[in-house]
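Me: I am new to this structure. Can you show me how to read its features?

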Amino acid sequence: MNLDLINTARWQAILTRDRSMDGRFVYGTLSTGIFCRPSCAARPARPESVVFHETAKAAREGGFRACLRCRPDQPENC
């Protein structure tokens, strides 16, 4: 599948705060070093500052820390 198409769908999920996409990916913000769930209530970062990761573990390994608002490193039902 086309990576640009996947990233466009992921970006749309962030803009709409789509809860159905939680658990499918997380996104990191380069300017803050924080990663979030797609449904996070925080103001979305600029598209050029966003990096997508498949898992919270991958985001941590990439040097990001978990958002304190949406807690993407904890199970969704917490």
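Reply: We will go through the charged pairs, then the pocket. Keep in mind that this is a predicted model.

Me: How many salt bridges does the structure hold?

Reply: Start with the general idea. Side chains of opposite charge can pair when their charged atoms come close. Here there are four salt bridges. One of them joins Glu54 to Arg10, with 2.7 Å between the closest N and O atoms.

Me: Which parts does the pair of Glu54 and Arg10 tie together?

Reply: Look at where each residue sits. Arg10 is in helix H1 (residues 3-16), and Glu54 is in the loop between strand S3 (50-53) and helix H2 (56-61), so the pair links parts that are 44 residues apart in sequence.

Me: Is Arg10 buried or exposed?

Reply: Buried means under 20% relative accessible area. Arg10 has 11%, so Arg10 is buried.

Me: What separates Glu61 and Lys57 in helix H2?

Reply: About one helical turn, because they are four residues apart in that helix. Their side chains form a salt bridge at 4.0 Å, N to O. Both Glu61 and Lys57 are exposed. Arg46 and Glu48 make another salt bridge, with their closest N and O atoms 4.0 Å apart. Both of these residues, Arg46 and Glu48, are exposed as well.

Me: How much space lies in the largest pocket?

Reply: The general idea again. Rolling a probe the size of a water molecule over the atoms shows where empty space is left. The largest pocket holds about 240 Å³. It is lined by 13 residues, and Thr29, Thr32, Arg43, Pro44 and Ala45 are the closest to its centre.

Me: What kinds of residues make up the lining of the largest pocket?

Reply: Seven are nonpolar, four polar and two charged. Strands S1 (26-29) and S2 (34-36) each supply at least two of the lining residues.

Key: Residues are numbered from 1 along each chain as its sequence is written. This is a predicted model: local features need pLDDT of at least 70, side-chain atom pairs count only at pLDDT 80 or more; totals for chains, interfaces and linings use all residues. Side-chain values use heavy atoms; hydrogens and water are left out. Buried means under 20% relative accessible area, exposed over 50%, partly exposed in between (1.4 Å probe, protein chains only). On a 1 Å grid over the protein atoms alone, a cavity is a set of points where a 1.4 Å probe fits but cannot get out, and a pocket is an open set with protein on both sides within 12 Å along at least five of seven lines; lining residues have an atom within 4 Å of a point. Grid points are joined across faces, edges and corners, and a volume is the space filled by probe spheres set on the points. Ala, Val, Leu, Ile, Met, Phe, Trp, Tyr, Cys and Pro count as nonpolar, Asp, Glu, Lys and Arg as charged, and the others, Gly among them, as polar.
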